[in-house]
Amino acid sequence: MRKVLAICVLGGLGFAAWVAFCVLVPTGPRQQTFVEFKTGSSARRIASELKQAGIIRSSPAFLLLHLYRHGSLKAGEYAFDRPDTLSDVYNRIVRGDTYARVLVVPEGYNIFDIAAAVEKLGIDSQQNFLDQARLQVALVHDLDPQAPTLEGYLYPDTYRLPRKDKSPDVIAAMVKRFHQEARLIGLATDVHRIVTMASIVEKETAVPEERPLVAGVFYNRLTQRMALDTDPSVIYAALLANRYRGTIFASDLQYSSPYNTYRTAGLPPGPLANPGKDSLLAAMHPSKTDYLYFVSDNQGHHRFARTLDEHQRNVADYRRAVGGAGHN
């Protein structure tokens, strides 16, 4: 009996040592390895796939840890790029720490900016993203049946994207986010006009409290049949024609395009960029003033004017502040 007991004790100690070794001593790949668990995968299936991929030493040890912890194992794709303990691997799957590429889209990015960011992350080529942004306009037909592209409806936000996502998936996520925000702020009518105006406001000022004032100026100019004369429209027209050179030249101001508001009266045919919530709200609820002009004060804000004479004085002040390099 003593021998049997000793064998049992030694066996138990050996088993405990084996479990401790499997759980506490790091193992795994030294280069990035992806493992994907389908929705509904059992703990046994997850353990088996981890073992086959060389992420853990033992499937039974994983299952024993799971029996002890009772964690909820999350489906998704995981990236493992260094040796790790079984406990850390298990904790990652319980947290749902899945692999994702993070796409950051600031307010005011246009489709060209987003396409460049998409390509930089290795998601897709710029050209394919631009093509899809034109082809998938049906995604916003419920809000804007006349949208020429999805410009304006790719909502600025931070997106965590699965590794296999391509341009159509990214676009669908961004448009879905726009729909969510539109519902929250009550944007349901005159959407094309409001989003177009919001995109201009977004590009003209980064100061939240000035956005309703800027929107009011442009609405006032539309009412009085004045040209909007907004530089962002000139830049966008040049981008569409693949002729933008990083700054505005006199030839750009004269370039014939429906998007060039120095040459074409009224709003451009569609948005110039993708506005955020504050600009959308400003376009929906502009300030009621009689301002018709504004110019930078060279300190991050703008000076607003009711008359051309007043505006020209503000422009002169701005030019003096920047040593004669200002623009209207």
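Asp231 is buried yet takes part in no salt bridge, and the nearest side chain of opposite charge, that of Arg319, is 10.0 Å away. The structure is a predicted model, and 18 salt bridges are found in it.

**Asp231**

- Asp231 belongs to helix α10, which spans residues 231-240.
- The separation of 10.0 Å from Arg319 exceeds the salt-bridge limit, which requires a side-chain nitrogen of Lys or Arg within 4 Å of a carboxyl oxygen of Asp or Glu.
- A polar contact of 2.6 Å links the side chain of Asp231 to the side chain of Tyr262.

**Salt bridge Arg163–Glu77**

- Side chains of opposite charge can pair when their charged atoms come close.
- Glu77 and Arg163 form a salt bridge in which the closest N and O atoms are 2.4 Å apart.
- Glu77 lies in strand β2 (residues 76-80) and Arg163 in the loop between β4 (158-161) and α7 (167-185), so this pair ties together parts that are 86 residues apart in sequence.
- Arg163 counts as partly exposed because its relative accessibility is 29%.
- Glu77, by contrast, counts as buried, with a relative accessibility of 10%.

**Salt bridge Asp97–Arg95**

- Arg95 and Asp97 meet through their side chains in a salt bridge with an N to O distance of 3.7 Å.
- Asp97 has a relative accessible area of 33% and is therefore partly exposed.
- Arg95 is exposed, its relative accessible area being 55%.

- The side chains of Asp229 and Arg221 meet in a salt bridge, at 3.8 Å from N to O.
- Arg221 is buried, with 8% relative accessible area, whereas Asp229 counts as partly exposed at 33% relative accessibility.

**Helix crossing α6–α7**

- The axes of helix α6 (residues 126-135) and helix α7 come within 9 Å of each other and cross at roughly 50°.

Technical notes. Residues are numbered from 1 along each chain as its sequence is written. This is a predicted model: local features need pLDDT of at least 70, side-chain atom pairs count only at pLDDT 80 or more; totals for chains, interfaces and linings use all residues. Side-chain values use heavy atoms; hydrogens and water are left out. Helices (H or I, at least four residues) and strands (E, at least two) are DSSP runs, numbered from the N terminus. Buried means under 20% relative accessible area, exposed over 50%, partly exposed in between (1.4 Å probe, protein chains only). Lys and Arg count as positive and Asp and Glu as negative; His and the chain ends are not counted. A polar contact is a pair of N or O atoms within 3.5 Å; within protein, one must be able to donate a hydrogen and the other to accept it, and residues adjacent in sequence count only if both atoms are side-chain atoms. Axes are lines fitted to C-alpha atoms, for helices over the stretch in contact, and angles run from 0 to 180 degrees between N-to-C directions.
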